[in-house]
Amino acid sequence: MIQDADDNEQIDDEEHTQDQERQPKRPQKGWRFTKQQRKQAREEKAVQWYKDKIMLPEPLHQVPQDLNSLWLISPIPFAARRVLVISNKGTTISRKIDGTQLEKFSSLLPLG
């Protein structure tokens, strides 16, 4: 247990170490991140941002009365893999549902 001198509160060691683990690891003073570390940090940030951006299909258990007039239905195969496709600055990137990068390529999409 760690005791805080100002508030006399006790903090579990586990909580204290979890907070330290969440903070990005910085090199010692005078050192800089390597190119690979910067690239990895950018990719981790992108994964967190794109995570949960894909709308997943929901099964239709009951048929609503106004199905023909107010609903838009698109049948999809169950085996299809959903991806998010982003085109910008001459490259196109496809990302999985969890936000990780699947492929990076050039395409005929606008800006891609």
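User: In this predicted model, is Pro75 buried or exposed?

Analyst: Pro75 counts as exposed, because its relative accessibility is 74% and the cut-off for that word is over 50%. Pro75 sits in the loop between helix 3 and strand 3 (84-88), and its C-alpha atom is separated by 9.6 Å from that of Pro57, a residue 18 places away along the chain.

User: Where does Arg95 lie, and which word, buried or exposed, applies to Arg95?

Analyst: Arg95 belongs to strand 4, which covers residues 91-95. Its relative accessibility is 4%, so Arg95 counts as buried, the limit for that word being under 20%.

User: Which polar partners does the side chain of Arg95 have?

Analyst: One partner is Glu43, whose side chain is joined to that of Arg95 by a polar contact of 3.3 Å. Another is Gly99, whose backbone oxygen lies 2.8 Å from a polar atom of the Arg95 side chain. When residues up to four places away in sequence are left aside, Arg95 touches a list of residues that includes Glu43, Ala46, Val47 and Tyr50, as well as Val83, Leu84, Thr100 and Leu102.

User: How should I read the length of helix 2?

Analyst: The idea is to set an expected span beside the distance between the two end C-alpha atoms. Helix 2 has 16 residues and, at 1.5 Å a residue, should span 22 Å; its end C-alpha atoms are 23 Å apart, which agrees.

User: Which residues make the nonpolar surface patch, and where is Val63?

Analyst: The patch, of about 580 Å², is made by Leu60, Val63, Leu70, Trp71 and Ile73. Val63 lies in the loop that runs between helix 2 (35-50) and helix 3 (67-70), and with a relative accessibility of 63% it therefore counts as exposed.

Conventions. Residues numbered from 1 in each chain as written. Predicted model: local features only at pLDDT ≥ 70, side-chain atom pairs only at ≥ 80, totals over all residues. Heavy atoms only, no water. Patch = residues over 30% accessible without salt bridge, like charges linked within 9 Å, V, L, I, M, F, W, Y side chains within 5 Å. Areas by Shrake-Rupley, 256 points an atom, 1.4 Å probe, with all protein chains shown as cover. Salt bridge = Lys/Arg side-chain N within 4 Å of Asp/Glu carboxyl O. Helix = DSSP H or I, 4+ residues; strand = E, 2+ residues; numbered from the N terminus. Buried < 20%, exposed > 50% of the residue type's maximum accessible area, 1.4 Å probe, protein only. Expected span 1.5 Å × (residues − 1). Polar contact = N/O pair within 3.5 Å; in protein donor to acceptor, adjacent residues only side chain to side chain. Contact = heavy atoms within 4.5 Å.
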